[in-house]
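Let's take a look around a protein model together. Have the sequence and the 3D view open as you read.

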Amino acid sequence: MSVELEYDYAAATASMDKFSQADIDALREWSVNADKSKYIPKDLTNKQLLLFYNACYGDVEKAKTCVEKYYSYRKSASDFFDNRNVNSDELKPLINDILEFSVLPGTSVEGYDIVFHRLHNTEPSKYEFELGCRLLFMTIDAYLTKRGPRPGVIFLYDMRGVKLGHLTRVGLSYLRKYFQYTQEALPVRTKGIHVLNTEPIVDKLTLLIKPFMDKKFFDILKFHQKDENMENFYAKIIPRSSLPSDFGGTLPDTRTLNKQCFEELQTLEAYFKAEENQRFSVLPNKKGDKVEDSFKKLDID
């Protein structure tokens, strides 16, 4: 079952810094003939393949590796990628009351799109890392479906309300899979990771995530303190016109943007189901694998 992405293929390819239809044709032929152990669907469309090609800056061999890892991680971390229904009993409460997500209107100073995430309910007992990752990746998939290949993406996270209790609810196996996927398989050009309102536990957070981060990603990770003068941030990174009003911007507040994101995800129910069926069509057991987490709680000194 092929997956239909909404973006305009001709317009997307016309705006790319590097594109060759022959490269896309070669990628599609490779995907059709890929070894079944790679779990790569045989019916990947030009639109799907173009996302990987763009993310890898037109390097066909790197795009092949990205595709392989994309489907391998989606199989090995099914808690992140299966059962993607925002109206389900497990996801709806999170997006309504616990987490906030959105792809912000507008772009950064350098013309990159902005994916935003933060806690709404800051009670640690309400936090579920794996379900939060599922919603984050759904938001990114919706963005790619709608906008297609783009010059780059900035991830903007708000640490307001993050406590040690949140970190102790993160399993190391899930954390490892999260960073493997985002660094090796996510079909976007990650240009920056900015964390606002850093809490006192930022040192513990850095200690926790550093072993899982490649140097090139760690180098683009920037923390911003609560009392930081944001004028430099507005001038050089993200202008006020592309930020929610909660952060001194001119966009609607984060709750309004989160509601809009939720409504968009609801309209994509058929897409998420089709994407899941496409992946399942090449799995021997017709479902992904649960992440094996030998210990859920972290012991952070």
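Predicted model: local features only at pLDDT ≥ 70, side-chain atom pairs only at ≥ 80, totals over all residues.

Residues are numbered from 1 along each chain as its sequence is written, and side-chain values use heavy atoms, with hydrogens and water left out.

**Helix H13**

- Helices (H or I, at least four residues) and strands (E, at least two) are DSSP runs, numbered from the N terminus.
- Helix H13 covers residues 254-267, and its 14 residues should span 20 Å at 1.5 Å a residue, which agrees with the 20 Å between its end C-alpha atoms. The expected span is 1.5 Å times one less than the number of residues.
- Thr 254, Leu 257, Asn 258, Cys 261, Phe 262 and Leu 265 are buried in H13. They sit on the same side of H13, because they cover an arc of only 145 degrees around the axis; that arc is taken from the directions from the helix axis to the C-beta atoms.
- Buried means under 20% relative accessible area, exposed means over 50%, and partly exposed is in between (1.4 Å probe, protein chains only).
- On the face turned away from the buried side of H13, you'll find the exposed residues Lys 259 and Thr 267.
- What do the buried residues of H13 pack against? Their partners are helix H6 (92-98), strand E1 (99-104), strand E2 (113-119), helix H7 (129-147) and helix H14 (269-280).
- At the start of H13, Asp 253 has a side-chain oxygen within 3.2 Å of the backbone nitrogen of Arg 255. A polar contact is a pair of N or O atoms within 3.5 Å; within protein, one must be able to donate a hydrogen and the other to accept it, and residues adjacent in sequence count only if both atoms are side-chain atoms.

**Two buried residues**

- Thr 182 belongs to helix H9 (residues 172-184) and counts as buried because its relative accessibility is 14%.
- A polar atom of the Thr 182 side chain lies 2.9 Å from the backbone oxygen of Tyr 178, and the side chain also reaches the backbone oxygen of Phe 179 at 3.4 Å.
- Setting aside neighbours within four places in sequence, Thr 182 is in contact (heavy atoms within 4.5 Å) with Phe 137 and Phe 217.
- Met 159 sits in the loop between strand E3 (153-158) and helix H8 (164-167), and is buried, with a relative accessible area of 4%.
- Met 159 and Thr 198 are 39 residues apart in sequence, yet 5.4 Å apart in space, C-alpha to C-alpha.

**Pocket and cavities**

- On a 1 Å grid over the protein atoms alone, a cavity is a set of points where a 1.4 Å probe fits but cannot get out, while a pocket is an open set with protein on both sides within 12 Å along at least five of seven lines; lining residues have an atom within 4 Å of a point.
- The largest pocket has a volume of about 480 Å³, and among its 19 lining residues, Ala 55, Gln 183, Val 188, Lys 216 and Phe 217 lie nearest its centre.
- Helix H4 gives the most to that pocket's lining, with four residues.
- There are five cavities of 30 Å³ or more, and the largest cavity has a volume of about 730 Å³.
- The largest cavity is lined by 34 residues, with His 117, Phe 129, Tyr 157, Tyr 178 and Leu 205 closest to its centre.
- H7 supplies the largest share of the lining of the largest cavity, six residues.

Notes
Points joined across faces, edges and corners; volume = space filled by probe spheres on them.
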